[in-house]
Each structure stands twice: as structure tokens, then as C-alpha cells.
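Trainee: I have just been handed this structure and would like to go through it with you. May we begin?

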Amino acid sequence: MSRPLRIEFAGALYHVTSRGNAQEDIYHDDKDRLMFLEILKDVCKRFNWVIHAYCLMSNHYHLLVETPDGNLSKGMRHLNGVYTQRFNRTHCRVGHVFQGRFKAILVQRDSYLLELARYIVLNPVRANMVLTAQDWPWSSYRSTAGLKLDWKLVNGRLDSIGLF
């Protein structure tokens with residue numbers, strides 16, 4: 001049985017998640033998280049993506065992605081593929097980092113967008129990793145709230161501040 005085709009079109013919004021293979025962590029340390037964000041930044045430039053919210057958890061991530069050019073699958077292949085290659089090289093390992101296909105839910109702008117943005121940045125709070133969303137440095141919450149941060153979203157584009 002073949003997999004269903006993804007619905008992709010210009011201007012679409014998606015809630016994207018990708019989990020670690022066998023529920024394993026996809027980041028071993030903050031260097032891995034920074035590497036992932038750098039790759040995501042490159043994907044945004046290369047594929048003209050707009051990131052409205054993100055959260056990096058230990059064994060998965062969440063993205064709220066807008067694809068002005070209708071190219072979600074191409075961008076995700078690049079994001080997960082390049083991250084897997086670099087992660088494996090860095091940690092002297094081989095094999096899958098991510099479990100199967102990424103999950104992408106098409107977002108209806110009006111009804112679900114704000115609720116989804118809240119859901120994404122509150123993930124570490126619900127997982128009892130931190131007390132408040134602002135305590136988690138690996139999400140878009142601090143940028144959205146205008147707090148001090150290392151990564152920010154500028155008009156939907158990821159940008160590092162003095163890290164590299």
C-alpha cells in the first residue's frame with residue numbers, strides 16, 4: 001500500500017513534527033540544537049520558508065511553517081537529511097536519526113493558527129521540563145515575547161545573535 005500524497009501548495013501553513021528513531025533523543029547537547037537551528041535557517045533561505053513558531057524538544061521538534069512556494073517535502077528532506085548526516089558525523093555513528101516520515105498537518109489560518117503557536121511553545125512546560133515557556137531557550141517563545149535570546153525570528157526568518 002502506498003503512502004498518501006501530501007497536500008502542498010503555495011502559501012500553505014503546516015504543523016510539522018519529526019521524532020527520533022526508536023524514541024531516542026535527536027539532540028545530545030546544545031551544540032546539536034544550534035546545529036539544527038543553523039540547518040533550519042539555511043532551509044528557510046534556500047526554500048523560502050517562513051517559520052512562525054518552533055520548539056526543539058529532546059526526542060522531537062515542532063515547527064509552524066509557511067511555504068510560499070509549496071515545497072514542504074523538498075525542504076523537509078533537506079532539513080532532516082542534512083541534520084542526520086551532520087549528527088552522525090559529529091557523534092561517530094551511522095543510521096537513522098528520525099523515525100519514518102515527518103508528520104505535517106495542514107493548518108487552517110483562522111481557527112487554529114494562534115492555538116497551534118501556543119501549543120508549540122508550551123510543549124516543554126507540559127512535559128515538566130521547565131516551569132514557564134520563557135525558561136526554555138530552544139523555542140520561539142522568547143523571540144515572540146521580546147525577551148533576551150540567542151535565536152530570534154525576524155519576519156518569520158530565523159536569525160542567530162552573536163553565536164557564529
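Mentor: We shall discuss a helix, the salt bridges and the pockets in turn.

Mentor: This is a predicted model, in which local features need pLDDT of at least 70, side-chain atom pairs count only at pLDDT 80 or more, and totals for chains, interfaces and linings use all residues. Residues are numbered from 1 along each chain as its sequence is written, and side-chain values use heavy atoms, with hydrogens and water left out.

Trainee: Which residues does helix H2 cover, and how far does it reach?

Mentor: Helix H2 runs over residues 72–90, which is 19 residues, and spans 27 Å from its first C-alpha to its last. That is close to the 27 Å expected at 1.5 Å a residue, where the expected span is 1.5 Å times one less than the number of residues. Helices (H or I, at least four residues) and strands (E, at least two) are DSSP runs, numbered from the N terminus.

Trainee: Which residues of H2 are buried?

Mentor: Among them are Leu 72, Met 76, Leu 79, Val 82, Tyr 83 and Phe 87. Buried means under 20% relative accessible area, exposed over 50%, and partly exposed in between, with a 1.4 Å probe and protein chains only.

Trainee: And what covers those buried residues?

Mentor: The cover includes strand E1 (12–19), helix H1 (30–47), strand E3 (60–67) and strand E4 (103–106). Contact here means heavy atoms within 4.5 Å.

Trainee: What happens just after H2?

Mentor: Cys 92 takes a positive phi of about 50° there.

Trainee: Changing topic, how many salt bridges does the structure hold?

Mentor: There are 3, a salt bridge being a side-chain nitrogen of Lys or Arg within 4 Å of a carboxyl oxygen of Asp or Glu. One of them joins Arg 33 to Asp 30, with the closest N and O atoms 3.2 Å apart.

Trainee: Where do Arg 33 and Asp 30 lie in helix H1?

Mentor: They are 3 residues apart in H1, so about one helical turn separates them. An α-helix has 3.6 residues a turn, so residues three or four places apart point the same way.

Trainee: Is Arg 33 buried or exposed?

Mentor: Arg 33 is buried, at 10% relative accessible area, whereas Asp 30 is partly exposed at 42%.

Trainee: Which residue forms a salt bridge with Arg 46?

Mentor: Its partner is Asp 42, the closest N and O atoms lying 3.5 Å apart. Both belong to helix H1, 4 residues apart. Arg 46 is exposed at 53%, and Asp 42 is partly exposed at 30%.

Trainee: Which side chain meets Glu 115 in a salt bridge?

Mentor: That of Arg 118, at 3.6 Å from N to O.

Trainee: Now the pockets: what volume has the largest pocket?

Mentor: About 370 Å³. It is lined by 17 residues, with Arg 77, Asn 80, Gly 100, Arg 101 and Phe 102 nearest its centre. Asn 80 is also one of the buried residues of H2.

Trainee: And what of the second largest pocket?

Mentor: Its volume is about 220 Å³. Of its 13 lining residues, Thr 17, Ser 18, Arg 19, His 62 and Lys 103 lie nearest the centre.

Trainee: Which element supplies the largest share of that lining?

Mentor: Strand E1, with 4 residues.

Trainee: How is a pocket defined?

Mentor: On a 1 Å grid over the protein atoms alone, a pocket is an open set of points where a 1.4 Å probe fits, with protein on both sides within 12 Å along at least five of seven lines; lining residues have an atom within 4 Å of a point. Grid points are joined across faces, edges and corners, and a volume is the space filled by probe spheres set on the points.
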